Amino acid sequence: MMDEPYEHNTTKWITWGNGWIRESVRIYEGKNLKIGNDVHVSDDYYLNAIGGITIGDSTLIGPHTQIYSSEHGYSDPNVNIRNQPDVLKETVIGKDVWIGAGAIITGGVKVGDHVVIGAGSVVTKDVPDYEIWVGVPAKKIGDRRHATLLRR
């Protein structure tokens, strides 16, 4: 039995504005990234901000999550996909959003305010405010304004 709390994770928390981010987070093209206040980002998160990503205040992002703002071009069948230009698609994550572990947000998606994205979900469409989305591809399963919550 230990007297002091022991953290088993080998990565450290780093202060990011008023929020926290794990040092294992990977950010591509960070100059196109805007992060609000009190955002918490967990381990092994990948963020491709080449097309621009905005993350609103008080958002929680679970481990192993990926957010993209571009995709490979593939419109010319006579040119290898890797040689075609990226298609840039700005992605916006609202405020007070909870993105569960292992979720993927594809380029060009707008996730509204107060949204919950379930663990392992793949979000390919815009998500309106307050909605709860899960699955592959993610679909609406509820609304936070109408959810029955356990209250103490």
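Predicted model: local features only at pLDDT ≥ 70, side-chain atom pairs only at ≥ 80, totals over all residues.
Contact here means that heavy atoms lie within 4.5 Å. Setting aside neighbours within four places in sequence, Asp96 is in contact with Asp57, Ser58, Thr59, His114, Val115 and Arg144.

- Asp96 is located in the loop that runs between strand E12 (91-93) and strand E13 (98-99).
- The relative accessibility of Asp96 is 30%, so this residue counts as partly exposed, a class that lies between the limits of 20% and 50%.
- One of the contacts of Asp96 is with His114, and the side chains of these two residues make a polar contact at 2.8 Å.
- Asp38 stands 58 residues from Asp96 along the chain, yet their C-alpha atoms are separated by 9.5 Å.

**The aromatic pair**

- The structure contains one aromatic pair, formed by Tyr46 and Tyr68.
- Tyr46 belongs to strand E6 (residues 46-48) and Tyr68 to strand E9 (residues 66-68), so the pair ties together parts that are 22 residues apart in sequence.
- Tyr46 is partly exposed, at 21% relative accessible area, and Tyr68 is also partly exposed, at 24%.

**The largest nonpolar core**

- The largest nonpolar core has 23 residues, of which Ile55, Ile67, Ile93, Ile99, Ile105, Val111 and Ile117 touch the most other members.

Note on methods:
Residues numbered from 1 in each chain as written. Heavy atoms only, no water. Phe/Tyr/Trp six-rings, centres within 6.5 Å; stacked < 30°, edge-to-face > 60°. Helix = DSSP H or I, 4+ residues; strand = E, 2+ residues; numbered from the N terminus. Buried < 20%, exposed > 50% of the residue type's maximum accessible area, 1.4 Å probe, protein only. Core = buried A, V, L, I, M, F, W, Y, C linked by side-chain atoms within 4.5 Å. Polar contact = N/O pair within 3.5 Å; in protein donor to acceptor, adjacent residues only side chain to side chain.
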